[in-house]
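Please keep the sequence and the model in view while reading.

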Amino acid sequence: RTFEWPDAEGSDEGAFLKRQASEVLNWTSQHLSANTFPREDYRELCQLLVVFLGGDVPGGVSMRRPAADHHARFMAKSLYYMKMFLVSSSFTMSDTEKAHVERMAVYIGLFYGRYFLRSSLAAAAPMADLSYFTQMRQYESIDPEAACASTASI
């Protein structure tokens with residue numbers, strides 16, 4: 001299962017999500033090809049974001065076993081939510097669980113994943129913070145609870 005790209009016609013929210021998805025897919029694909037993130041967990045998140053958005057990962061991607069809990073903020077949860085979403089058709093979840101996993105996968109896939117990966121690049125971090133804040137202000141019309149919580153944490 002992958003992200004369902006919205007129809008950008010006639011909807012500001014759809015156009016915004018489609019633009020976000022396209023930017024994240026291009027950004028992660030470029031950095032994956034350049035091997036920007038030599039740490040396995042960062043590379044794995046990058047690969048999962050590309051797969052989530054329907055892109056191709058050079059050499060393919062395999063689902064790794066869960067490893068130790070990460071001290072990096074939100075890394076383990078990002079990996080697990082993305083994996084759960086991608087393989088969600090393989091196991092049974094309640095409607096509430098499905099909705100929660102999808103909501104988190106969209107948030108991670110379109111916003112937080114790239115923001116998290118960019119924060120490790122010192123030169124890009126200040127601009128990433130401003131960009132993320134702006135994106136969350138726009139995301140408020142789609143998911144006010146998630147956007148407001150994210151904005152408050154900044």
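Leaving aside residues up to four places away in sequence, G55 touches L25 and V50, where contact means heavy atoms within 4.5 Å. G55 itself is found in the loop between α2 and α3. Its C-alpha atom is separated by 9.1 Å from that of N26, and the two residues are 29 residues apart along the chain.

This is a predicted model, in which local features need pLDDT of at least 70, side-chain atom pairs count only at pLDDT 80 or more, and totals for chains, interfaces and linings use all residues. Residues are numbered from 1 along each chain as its sequence is written, and side-chain values use heavy atoms, with hydrogens and water left out.

The secondary structure of the chain comes to 6 helices and 0 strands; helices (H or I, at least four residues) and strands (E, at least two) are DSSP runs, numbered from the N terminus. Along the sequence the pattern reads α-α-α-α-α-α. The radius of gyration of the chain is 15 Å, close to the 15 Å that the globule rule gives for 154 residues, so the chain is as compact as a globular protein of that length. That radius is taken over C-alpha atoms, and the globule rule is 2.2 Å times the number of residues to the power 0.38. Taken along the principal axes, the C-alpha atoms fill a box of roughly 45 × 40 × 30 Å.

Of the 154 residues, 44% count as buried. Buried means under 20% relative accessible area, exposed means over 50%, and partly exposed lies in between (1.4 Å probe, protein chains only). The accessible surface of the chain comes to about 8400 Å², and 53% of it belongs to carbon and sulfur atoms; such areas come from the Shrake-Rupley method with a 1.4 Å probe, and for residues only the protein chains shown count as cover. Among contacts in the chain with a separation of 6 or more, 59% are between residues 24 or more positions apart.

Helix α2 has 13 residues and reaches 18 Å from its first C-alpha to its last, close to the 18 Å expected at 1.5 Å a residue. The expected span is 1.5 Å times one less than the number of residues. α2 is mostly covered, with 11 of its 13 residues buried; these include D41, Y42, R43 and E44. The cover over the buried residues of α2 includes α1 (12–33), α3 and α4 (95–119). After α2 comes G54, whose phi is positive, near 85°.

Helix α3 has 12 residues and reaches 17 Å from first C-alpha to last, close to the 16 Å expected at 1.5 Å a residue. Because 9 of the 12 residues of α3 are buried, the helix is largely enclosed by the rest of the structure. Among its buried residues are M75, A76, Y81 and F85. What covers the buried residues of α3 includes α2 and α4.

The aromatic side chains come next. The structure holds 13 aromatic pairs; rings of Phe, Tyr and Trp (its six-membered ring) pair if their centres lie within 6.5 Å, and planes under 30 degrees apart count as stacked, over 60 as edge-to-face and the rest as tilted. The rings of F3 and W5 have centres 6.0 Å apart and planes at 65°, so this pair is edge-to-face. F3 counts as buried because its relative accessibility is 9%, while W5, at 34%, counts as partly exposed.

F52 and F85 form another edge-to-face pair, 5.3 Å centre to centre with 70° between the planes. This pair links distant parts of the chain, as F52 is in helix α2 (residues 40–52) and F85 in helix α3 (residues 75–86), 33 residues apart. F52 is buried at 0% relative accessibility, and F85 is buried at 3%. Elsewhere, W27, F37, Y42, Y107, Y112, Y115, F116 and Y132 form one aromatic cluster.

Q135 lies in helix α5 (residues 125–139) and is buried, with a relative accessible area of 8%. Not counting residues up to four places away in sequence, Q135 touches F16, Q20, F111 and R114.

How many disulfides does a search of the whole structure find? The search finds 0, a disulfide being a pair of cysteine sulfur atoms within 2.5 Å. C46 counts as buried at 0% relative accessibility, and C148 counts as partly exposed at 40%.
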